[in-house]
Amino acid sequence: MAKQHSLPSDLPQTLGALRTSAWTFERVTRSVKDELRENLIAKLRAKETIFPGVVGYEDTVVPQIVNAVLSRHNFILLGLRGQAKSRILRGLTTLLDDVVPYVAGSEIRDNPYKPLSQYSRDLIAAKGDATPIAWLTPDERYVEKLATPDVTVADLIGDVDPIKAARSGEQLSSELTMHYGLLPRANRGIFAINEAPDLAGKIQVALFNIMQEGDVQIKGYPVRLQLDVAITFSANPEDYTARGKIVTPLKDRIGSEIRTHYLDSLEQAISVTEQEAWSTRAALDIDVPRYIRETVEQIAFVAREDKRVDKRSGVSQRLPISVMELVISNAERRALTHGETVAVPRIGDIYTSLPGITGKIELEYEGEMRGADTVVRDIILTAVKRTFDGYFAEANTQQIEQWFNLGGTVQLSDAVSAEQSLKELQQIQGLFDKLKPLSLEKRAGNEALVSAAEFLLEGMTAHKRISRNEERSFTASEKQTRKERAQNFGEDIRDRERDDYRNRSKRGFN
C-alpha cells in the first residue's frame with residue numbers, strides 16, 4: 001500500500017519564502033515524469049522494493065514498468081481482472097516526492113514558478129512574494145477514473161460554467177469561466193484510467209489531443225492546457241486488441257504496453273491471500289491449517305483451467321481472498337456457537353463460501369446449463385483432490401474404507417461441537433494414524449484434529465473411495481454399494497421367483 005504522508009510544519013507558506021528555501025526553481029519545475037524517473041533511480045541504487053505488496057511480478061511485469069518509467073513513457077497495463085493492475089498504478093505514488101508546492105487556491109495545482117492558469121498568474125501579479133503557497137502529498141497527486149461509456153469530455157477535461165461567468169462578468173470564452181475536469185485537476189501528478197477501451201471515441205481523441213498537443217475544445221472554444229501529468233491506463237486484452245475499441249492515434253501515443261498475468265505458483269498465491277484477507281478476528285483465536293490455505297488457492301487455479309469457466313473473463317485473485325474470509329467466518333461462527341476458544345477452519349467451511357465464488361466467475365454455455373453451484377462444487381472437490389494428493393499420495397486408506405464398507409457412517413455438522421465430532425471420528429479404525437503427513441502438534445486440540453480428519457475423509461471422497469452427501473454424512477462409496485448389489489443380484493432374482501410362485505399358487509387355490 002502507498003505510504004501515508006503528513007506535512008512538515010516548517011514548509012514555506014509564501015512565494016517569497018519558497019524562493020529562499022531548498023525548493024529551488026530547478027527542483028520544483030521538474031516534470032512529473034522526470035520526478036518519477038529520479039526517485040526510481042534512487043530506489044534502484046538503494047535496492048529498495050519498487051512496488052511493496054505486489055507479489056509474483058518481480059521478474060516479469062516490474063522490470064517492464066521500470067523501463068517505462070525510466071523512458072518517461074505513458075503506459076498501459078493489459079490483463080484480466082484481479083491481476084493487481086490498479087494496485088500497481090496506485091503504487092506509482094511511492095515514486096513521487098514527499099511534498100510539492102503549489103499556488104494556494106489553484107484548481108489545477110499550479111507550479112508557483114511557472115503558473116499555468118489565469119487565476120494563478122493574476123494572483124502572483126497582484127501579491128508577488130506574498131502569494132500564499134500550499135503543499136501536496138503523493139496521495140493527493142494521484143487521480144483515478146474508471147472509464148464507462150457515459151463519461152463525457154466535461155468529466156475528464158472540463159466545461160464552460162455559465163454561473164461562474166455570470167458572477168465574474170467574464171466572457172464565456174475566457175479561461176476564468178471554465179470548470180476543470182479530472183485530468184486538469186491531476187496536473188503535476190499521475191492520472192490513471194481504468195478500462196480505457198470503454199471510453200467513447202471522442203473522449204479518447206480528447207485525451208490524445210491533451211497528450212500530444214496540450215489543447216482541447218470546450219463548447220467550441222479552443223483552450224490550451226499544457227498540463228504536466230503522467231497518464232497511465234489499464235485494460236482487458238480482449239477489449240484492447242480484438243474488439244478494436246481503442247482509437248489508433250491514442251494507442252500510438254501510449255509509450256509502453258505491459259501485460260500482467262496471474263500468479264504462477266501456489267506459494268505466491270498463498271502469500272497474497274495472507275496479506276490481503278481479513279483473518280485476524282478479535283472474538284477468538286484463528287488457526288488456519290496449511291492444507292486449508294492450499295485448498296482455497298487451488299480453487300482459483302482449478303477454475304482457470306476448467307472448460308466451463310470463461311477464460312476471457314478470467315478468475316480474479318480476489319476469489320481466494322473472499323473465500324478465505326468466508327471460511328474463517330464460518331469457523332468463527334461454529335466456535336462461538338459451541339463456546340470454543342479457537343476457530344479452526346475445515347474443508348466443510350469451504351463449501352459454505354459459495355457466495356464468494358459464484359459471483360467471481362463467468363461461465364461458458366456448458367457451465368450455465370449445469371448451474372453455477374454445481375460447477376463450483378465440482379471445482380472445490382477437484383481442489384481438495386489436488387491438495388490431498390500432496391499429502392496422502394502414498395497413504396494406504398484400506399482400513400478406513402473397510403470400516404465404512406462394514407456399515408460405518410459419520411456426520412460432521414456445524415450443529416455439533418468439535419468434542420462430539422471427535423468422539424464420532426475416533427470410532428473409525430486407523431483414521432488418526434494416517435494424519436502424520438499433516439504434521440499436527442502433539443497436543444493438537446479437538447478443533448485441529450477434527451479439521452485434519454475431515455480433510456482426509458473429503459480427499460477420500462474426491463477419489464471416490466468413500467461417499468458423502470450434502471449433509472456431510474460420510475458413508476461407503478457408491479462403487480462399493482454397486483459391487484455388493486451385483487454380488488447379491490442372483491439371490492435377489494431367486495427371492496423374486498419364490499415370491500412370484502407363492503402368489504401364483506395362492507391365486508390357483510382361490
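**Strands and helices**

Guide: In strand S3 (residues 133-136), Ile133 and Trp135 point one way, Ala134 and Leu136 point the other way, and all are buried. Buried means under 20% relative accessible area with a 1.4 Å probe, protein chains only. Strands are DSSP E runs of at least two residues, helices H or I runs of at least four, numbered from the N terminus. This is a predicted model: local features need pLDDT of at least 70, side-chain atom pairs 80 or more, while totals for chains, interfaces and linings use all residues. Residues are numbered from 1 along each chain as its sequence is written, and side-chain values use heavy atoms, without hydrogens or water.

Visitor: Why do the side chains alternate?
Guide: In a regular strand they alternate between the two faces of the sheet.

Visitor: How many bridges join S2 to S3?
Guide: 4 bridges join strand S2 (residues 100-103) to S3, and the two run antiparallel. Pairing takes at least two DSSP bridges. Tyr102 stands opposite Ala134 in S3.

Visitor: New topic. What order does the open sheet of 3 strands have?
Guide: The order is S14-S16-S15, with antiparallel pairing. Strands S14 (410-411) and S15 (466-468) are the edges, each pairing on one side only.

Visitor: Which residue stands opposite Gln411?
Guide: Ser473 in S16.

Visitor: And at what angle do H21 and H22 pack?
Guide: Helix H21 (residues 418-425) and H22 pack at about 50°, with axes 9 Å apart. Axes are lines fitted to C-alpha atoms over the stretch in contact, and angles run from 0 to 180 degrees between N-to-C directions.

Methods. Buried means under 20% relative accessible area, exposed over 50%, partly exposed in between (1.4 Å probe, protein chains only).
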